[in-house]
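Morning, everyone. Here is the model I would like to walk through today. Please have a look at it first.

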Amino acid sequence: MSVQESKKQLKRYSRDEVAKHNKEDDLWIVLDTYVYDLSDFIDAHPGGQAVLLAEDIAGQDATDTFLYVAFFPKGELTISGLHTINILKKYEKLVIGQIEGEESEVHYPQPGELSKVPYAEPSWLVEPFASPYYKESHRRLQREMRKFTDIYVSHVAEECELDGKRPSVDLVKRMGENGLNAMRLGPGKHLQGRKLFADIKPEEFDYFHELIITQELSRCGQRGFMDGLNGGMVIGLPPVINFGSDELKEEIIEPVFSGEKFISLAVTEAFAGSDVMGLRTFAQKTEDGQHYIVNGTKKWITNGHFADYFTTAVRTEDGFAVIVIPRKLGVETRQLHTSYSTTAGTAFVMFNDIKVPARYLVGQDGMGIPIVLSNFNHERWVMVCGITRGARGIIEVLMKWINQRKVFGRPLSAQAVVRQKIAFLIAQVEALHAYLEHLTFQMTQMSYKQQAKFLAGQIAFLKAWSTRVSEQVADNAVQIMGGRGLTRTGMGAPIEMYHRTYKFDAVLGGSEEILADLGLRQALRFYPKNVKL
């Protein structure tokens, strides 16, 4: 039971009574009308004893000093300064009472609720704004997904980013039981007959439902964790679903959806990144045609360090092919240490004379490039869903900060230059979200073949521009937060994380330069030859 839920049961104290407890072995303080007994905590305080024994802290109301309380219009109150609201949640066990005749004025967010901070939520979730894209099922899914993320995902994400371990297998299995793993791959035949999360019917599930799932998960703000949380499945399983044999599907699909097995996409090599045609991993077919002998390496493979299967792009005598290679056949991996934590399982993958049964071939030999390219639009679109929500999360942090941080005796929001910075960031994020929704709607109206023809360039532009926006958000956020924006703990932690990891999206799934060029080349293909200046 939280402090908020149990506050009626707390003992009441006068401020005079609290003031008597101001010594090292008998230390109380007041934070947001709640009385904390720090007598046994003083030695463990990260800031040292002296801070807590100061005469304006010990036995006193330390809210202003610890939390930089700032009043908002309509009498609302929020906190943050030296500490975030999470600190109060973390140390609820130290609460022994509440000041008599007073009630908390601070809002403690509850699992599943929407933020009241302007522009912290997309407009379709904010009254009285309307949207033509979202139906009741979308809103129901958003509510349930928000609760699920707040209760089961966010704390796991934080722990994984700190210790660098892979996301909890139990969490992945929980998502599998709820149908979420399958839903993350978008609409399709793979949903038929499944019981989906939030009672969504398989036949009504569309790309807006998928957008909601991705964005709600992305709210955790832990970039490496988001890739680690079955990111390999999102890009590595579709080739099996769309082109694999019945035997291959039977072996792989359900174990991966349930969280019993893990899969990754192994395309990128040290010599072939955005240039897929330059890959060197070679698969030699045996004389009897029953096996392929695979030799080569892959690099920067998301989830590769803990994957059971590798959906691998290879060269063959017939051109290119895609082969699913089980780890148990002798695949070796080495973890790569990137700018975010090792929780993503990013790996260097080695295939040394791996003898793979021919039944693991996906589709036909020689059709590898079309198979690999077939899922690129969806992969990039998913990335933009996360990028957009991540940027909005930073807007929320900045809005809280400028209303709470005081400089030269006034809130930071009183500085015109700061307001201008955030105003332009808000405009860019809102425009990005609108562009994303527009293309998402087009995806719901087109067949997969039409999407490949008409949306490849549009999605390429969208992803390239989204990472330009995230660069602006990251850079300006650090400038506004100052030193806190460069510190991995405390109030500025979300900013530091974002600034350290935003560049991943500008490289993964096709670099900005390659995608911008792709978008324009796609446009030129449709250029009418008879149109002149």
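Let me start with residue classes: Ala, Val, Leu, Ile, Met, Phe, Trp, Tyr, Cys and Pro count as nonpolar, Asp, Glu, Lys and Arg as charged, and the others, Gly among them, as polar. This is a predicted model, in which local features need pLDDT of at least 70, side-chain atom pairs count only at pLDDT 80 or more, and totals for chains, interfaces and linings use all residues. Residues are numbered from 1 along each chain as its sequence is written, and side-chain values use heavy atoms, with hydrogens and water left out.

Now the pocket. By class, the second largest pocket has 12 nonpolar, 10 polar and 3 charged residues in its lining. A pocket here is an open set of points on a 1 Å grid over the protein atoms alone, where a 1.4 Å probe fits, with protein on both sides within 12 Å along at least five of seven lines; lining residues have an atom within 4 Å of a point. The volume is about 590 Å³, taken as the space filled by probe spheres set on the points, which are joined across faces, edges and corners. Of the 25 lining residues, P187, G188, Y207, Y448 and Q451 lie nearest the centre.

Which helix gives the most to this lining? It is α16, with 4 residues. Helices are DSSP runs (H or I, at least four residues), strands likewise (E, at least two), numbered from the N terminus. At least two lining residues each come from α9 (207-218), α12 (238-243), α16 (416-445) and α17 (448-454).

Next, the whole chain. There are 21 helices and 17 strands. Of the 533 residues, 51% count as buried. Buried means under 20% relative accessible area, with a 1.4 Å probe and protein chains only. The C-alpha trace spans about 90 × 60 × 40 Å along its principal axes.

R223 sits in helix α10 (residues 223-228). Is R223 buried or exposed? Buried, because its relative accessibility is 15%. Beyond neighbours within four places in sequence, R223 is in contact (heavy atoms within 4.5 Å) with E161, Y340, M497, T501, F504, D505 and L508.

S104 lies in the loop between β7 (95-99) and α6 (136-163). S104 counts as buried too, because its relative accessibility is 16%. From S104 to A434 is 330 residues in sequence and 38 Å in space, C-alpha to C-alpha.

Technical notes:
Buried means under 20% relative accessible area, exposed over 50%, partly exposed in between (1.4 Å probe, protein chains only).
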